[in-house]
Amino acid sequence: MALIKDDLLSTIREASNTLVKCMAIVTATELCGSFITGKTGNGTTRENFLAFWKSSYMPTEYHDLSELFYNILRNGVSHSFVVKGGVIPSGDERGARDHLKFFLNGIFVYVPTLAKDVENGILMLLEDIHQNKNELKIRYKTVLNELVYSGMIEYKKYCSEKSIQVINYAIPGDIHDDVS
């Protein structure tokens, strides 16, 4: 789990600009939502995103905004590489006091505050997974194993279709379902 934690948090923390940070945030929260629901794959994105944003892992001020953020923040950066209209993300510290305020042209999101709130939520969730609260450890392992399984199906299909001779050795990677 340390690698998952490090990858999620460093991706958000080290994002070079506001847009990339927003992309990291929505991707990380979807994954974390899948640990809450135990679901992954086609048709689960919205449910997973909302599960995390409406959970006790996020401050309550985000709960009512979760649908709006899914539609204009998440869908914007995930599908178009820009946020949709109606959300104004900024890293300019002069806007810190305006975080989550509604303006004529949209809701202002001070991205450093959002990032910190999401990071704290991720840390709480991963601690609960580690402590095996609410069967989260089972869901965590189920999601990661499903991702491995579905990816391997695609990989084997590709190798078969292209007649690729694979090396008869399993090389270790960095991501696994260990929760210790």
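1. Rings of Phe, Tyr and Trp (its six-membered ring) form an aromatic pair if their centres lie within 6.5 Å; planes under 30 degrees apart count as stacked, over 60 as edge-to-face and the rest as tilted. By this rule, six aromatic pairs are counted. One of them joins W53 and Y62, an edge-to-face pair at 5.7 Å centre to centre, with 75 degrees between the planes. Ring pairs connect F49, W53, Y62, F69 and Y70 into a cluster.

2. The model is predicted: local features need pLDDT of at least 70, side-chain atom pairs count only at pLDDT 80 or more, and totals for chains, interfaces and linings use all residues. Residues are numbered from 1 along each chain as its sequence is written, and side-chain values use heavy atoms, with hydrogens and water left out.

3. Are W53 and Y62 buried or exposed? Buried means under 20% relative accessible area, exposed over 50%, and partly exposed in between (1.4 Å probe, protein chains only). W53 counts as buried because its relative accessibility is 0%, and Y62 is likewise buried at 0%.

4. Helices (H or I, at least four residues) and strands (E, at least two) are DSSP runs, numbered from the N terminus. In helix 3 (residues 45–53), the buried residues are N48, F49, L50, A51, F52 and W53. The cover over them includes helix 2 (18–37), helix 4 (66–79) and helix 5 (111–130), where contact means heavy atoms within 4.5 Å.

5. N48 of helix 3 is buried, with a relative accessible area of 4%. Its side chain makes a polar contact with the side chain of T37 (2.6 Å). Such a contact is a pair of N or O atoms within 3.5 Å; within protein, one must be able to donate a hydrogen and the other to accept it, and residues adjacent in sequence count only if both atoms are side-chain atoms.

6. A nonpolar core is a set of buried Ala, Val, Leu, Ile, Met, Phe, Trp, Tyr and Cys residues joined through side-chain atoms within 4.5 Å. The largest one here has 42 residues, and F52, W53, F69, I122 and L125 have the most contacts inside it. At least two residues of this core come from each of helix 1 (2–13), helix 2, helix 3, helix 4, strand 3 (106–110), helix 5 and helix 6 (136–161). Leaving aside neighbours within four places in sequence, F52 is in contact with residues including Y57, M58, I122 and L125.
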